[in-house]
Amino acid sequence: MNEDEFKILAPCGMLGYGFPESSFEEGMARRPDAIVVDAGSTDAGPHKLGAGTAIVSRQACKKDLEIILTHGVQAGIPILIGSAGGSGARVHVEWTRDIVREIVREHGWTGVKLAVIWADIPKEAVEKSLAAGRCEPLGIAVPALTPERLEATTRIVAQMGHEPIVQALEAGADMIICGRAYDPSPFAAPAIRRGFDAGLAYHMGKILECAALAAAPGTTKDCMLGTLRGDSFVVQPLSAARRCTSVSVAAHTFYEKDHPYILRGPGHVLHLGDCTFEERGDGSVEVRGSRLERTPTYKIKLEGAMHAAYRTFVVAGVRDPLLVSRIEEVERLVEAQVREYYGDVPADDYRIQFLNYGLNGVMGDLEPNRSPAHELGVVFEVAAKTQELANTVCATLRSTFLHYGYEGRKSTAGNLAFPFAPSDVPFGPVYAFSVYHLMEAADPLSWFPIEYEEVRA
Amino acid sequence: MRLYEAAKVLRSKNSGPFELTLDVLFEDADLYRRVKTLGLIDRKTISELYQIPEDRITQLVYFDPALGIKITLARKVSSGTFPDRDVYGAQQHAPLMALELPL
């Protein structure tokens, strides 16, 4: 290993998304110092965190891990998984650990030292922190965390920085499964541990966590190699079909972030406004000037999901031009009739929404174009206190809508074309992000306990 | 010229579950500079296009090395809960595409 460089192989942007084995092997041929892969995101909504489910199938996760572990163990380099299982809560980490143990058993490897870093935050800790004024919502759109919302919250996780991961590496872990982590942290950690600049390490991590997405053409389903040096880093795709350009790499920091060159992470702010992005002629780009500033108070980002309602929905089509032209008006009348019928049920116990695809289904109130298409896809949903109530109200909503005699109607046999029978789909629980807060942490380690085990066949 | 003709990338996505972020990336550095110099995309433009008050726009930043403009909006409904319509926020950029640029 060249001590002046630190190389990280990023197989794919999400563990279980898959990657070409040829790219991965090309990456291994460059003799990386670590393999790091991100496995979580809040992108797919609160359901995974709330219900404790994964974002990829077990089979897909195992398929990727099989390749990563086989090569990593053979090369004797650390393997790091960030935000395991989709959301990085205990249930997700255990799900991932189970797969790792299974692979180790099947291959008959011995003496693999596995570290698991938990990221679950007890509700009581958040409650105490709120009361002490040490926990605040992250942005103007985040509702206040009332006792009721906290009570309804099923799981809270915090995004770890590089510090607990460095500690696990110091303890000699071969594989590290991280609970919820700030996406770049597992990439930054092994390099920071070797003394490389934290600003460059985090910026490189920010790019590598999406693997080849910063290349052109970009994808999360292909590998990328990052090489950290004294005062720069180089990112390089590992398939001949892709190249990094100065613009593709510079533009990557735009992705999924609220600001293009100021990135806030655990205990730090990353300033990228003065970075330079230089193409080196071989499809790689060298980046300089990333600057990390530590914040006076170390804060960690909390994510929590609460159970919000139960949902039942119906998918239907409308082709009658008379109904298409007055769809929203008819829906208001249908809802009013249903609410009148269920006058004995408290009005707040259920909510109704119509999504009119072909009119404003995607954007709702934000839609500036209000001219309908010749046919509409109508999805209507009822979100209620119980599944039974959601089913009950939705069934009445459907039959009322189907037969509603709006003014001027000519098609007196029915208003809706259902593609399926039965038409009503009981969906189950609906979750909402209830916690999206910054909490002061006395130190970067205490909320992220580490557990070690020797996995053996 | 409309913005969808001028920009190379024009997209929307969540930046966290409570925000929506719009990216406009150019290929042509000259075009980018003219849009920036003339201030063709500002808070007022966005507020009118999306029919939202300006205080719901939390960021509007030009970033020269990427030839890009980023606009971040506070979501009305957080991602993936009732009555959200776009869990990933990936299809909220279309109004911006239609923006007419006096170039």
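**Helix crossing and sheet**

Author: In this predicted model, α8(A) passes α9(A) in a right-handed crossing.

Reader: What makes the crossing of α8(A) and α9(A) right-handed?

Author: A crossing is right-handed if the near helix is turned clockwise from the far one; the crossing of α8(A) with α9(A) is assigned to that class. Helix α8 spans residues 185–193 of chain A, and its angle to α9(A) is about 145 degrees, with 7 Å between the axes.

Reader: Which residues make the contact?

Author: From α8(A) come S185(A), F187(A), A188(A), A191(A) and I192(A), and from α9(A) come A198(A), A201(A), Y202(A), G205(A) and L208(A).

Reader: How many residues of the contact of α8(A) with α9(A) are nonpolar, polar and charged?

Author: Eight are nonpolar, two polar and no residue is charged.

Reader: What does α9(A) lie across?

Author: Helix α9 (residues 198–208) of chain A lies across β10, β11 and β14 of chain A, at about 110 degrees to β14(A). These three strands form an open antiparallel sheet in the order β10-β11-β14.

Reader: Why are β10 and β14 of chain A called edge strands?

Author: Each of β10 (262–265) and β14 (291–294) of chain A pairs on one side only. The twist from one strand to the next averages 20 degrees.

Reader: How do you know that β10(A) and β11 pair?

Author: Pairing requires at least two bridges; β10(A) and β11 (residues 268–271) of chain A have four bridges, in the antiparallel sense, so they count as paired. L263(A) stands opposite L270(A) in β11(A).

Definitions and conventions. Residues numbered from 1 in each chain as written. Chains lettered and ligands numbered in written order. Predicted model: local features only at pLDDT ≥ 70, side-chain atom pairs only at ≥ 80, totals over all residues. Heavy atoms only, no water. Helix = DSSP H or I, 4+ residues; strand = E, 2+ residues; numbered from the N terminus. Axes fitted to C-alpha atoms, helices over the stretch in contact; angles between N-to-C directions. Contact = heavy atoms within 4.5 Å. Nonpolar A, V, L, I, M, F, W, Y, C, P; charged D, E, K, R; others polar.
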